[in-house]
Amino acid sequence: MYQIEHFTLCDGWINTSTDDNGEAVLFDTLEQAQEALESHWHDLQAEGMAESYSPSDWRVAEVYSSLCRCGKPDNLCNC
């Protein structure tokens, strides 16, 4: 799973994208998340808001569904 994260001064990198129910928007593939991010950036440009942001203010990040007993994501753990 992947999510689009926005860098905020107060909280650092966070997922600020939510659906109609207020749930975080997640993507099954990296490609889907990248396409959604590109679409978002194009929307900002079309609305004349892109000059207030930089493309580096957003990123696609992998979301881990489970953690090891040591607290690390399963795929990064060597326990």
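**Contacts, core and sheet**

Mentor: Ile4 touches Ile14, Asn15, Thr16, Ser17, Phe27, Ala33, Ala36, Leu37, Trp58 and Arg59, residues up to four places away in sequence not being counted; contact means heavy atoms within 4.5 Å. This is a predicted model, in which local features need pLDDT of at least 70 and side-chain atom pairs count only at pLDDT 80 or more, while totals for chains, interfaces and linings use all residues. Residues are numbered from 1 along each chain as its sequence is written, and side-chain values use heavy atoms, with hydrogens and water left out.

Trainee: In what order do the elements of the protein run from the N terminus on?

Mentor: The protein has one helix and three strands. These are DSSP runs numbered from the N terminus, helices being H or I with at least four residues and strands E with at least two. From the N terminus on, the order is β-β-α-β.

Trainee: In what order do the three strands form the open sheet?

Mentor: Two strands pair if DSSP finds at least two bridges between them. Three bridges join S1 to S2, and five bridges join S1 to S3. The edge strands, each pairing on one side only, are S2 (12–14) and S3 (58–62). With antiparallel pairing, the order is S2-S1-S3.

Trainee: Which residue in S2 is the bridge partner of Thr8?

Mentor: S1 and S2 form a hairpin with three residues between them. Within this pairing, Phe7 stands opposite Trp13. For Thr8, the bridge partner in S2 is Gly12.

Trainee: Which residue in S3 is the bridge partner of Glu5?

Mentor: S1 and S3 run antiparallel. In S3, the bridge partner of Glu5 is Arg59.

Trainee: How many of the seven residues of S1 are buried?

Mentor: Buried means under 20% relative accessible area, exposed over 50%, and partly exposed in between, with a 1.4 Å probe and protein chains only. Of the 79 residues of the protein, 24% count as buried. S1 is mostly covered, and its number of buried residues is six.

Trainee: What distance, centre to centre, separates Tyr53 and Trp58 in their aromatic pair?

Mentor: Rings of Phe, Tyr and Trp (its six-membered ring) pair if their centres lie within 6.5 Å; planes under 30 degrees apart count as stacked, over 60 as edge-to-face and the rest as tilted. By this rule there are three aromatic pairs. The pair of Tyr53 and Trp58 is tilted, with 55 degrees between the planes and a centre-to-centre distance of 5.1 Å.

Trainee: Why does Trp58 count as buried?

Mentor: Trp58 belongs to one aromatic cluster with Trp41 and Tyr53. Tyr53 counts as partly exposed because its relative accessibility is 33%. Trp58 counts as buried because its relative accessibility is 11%.
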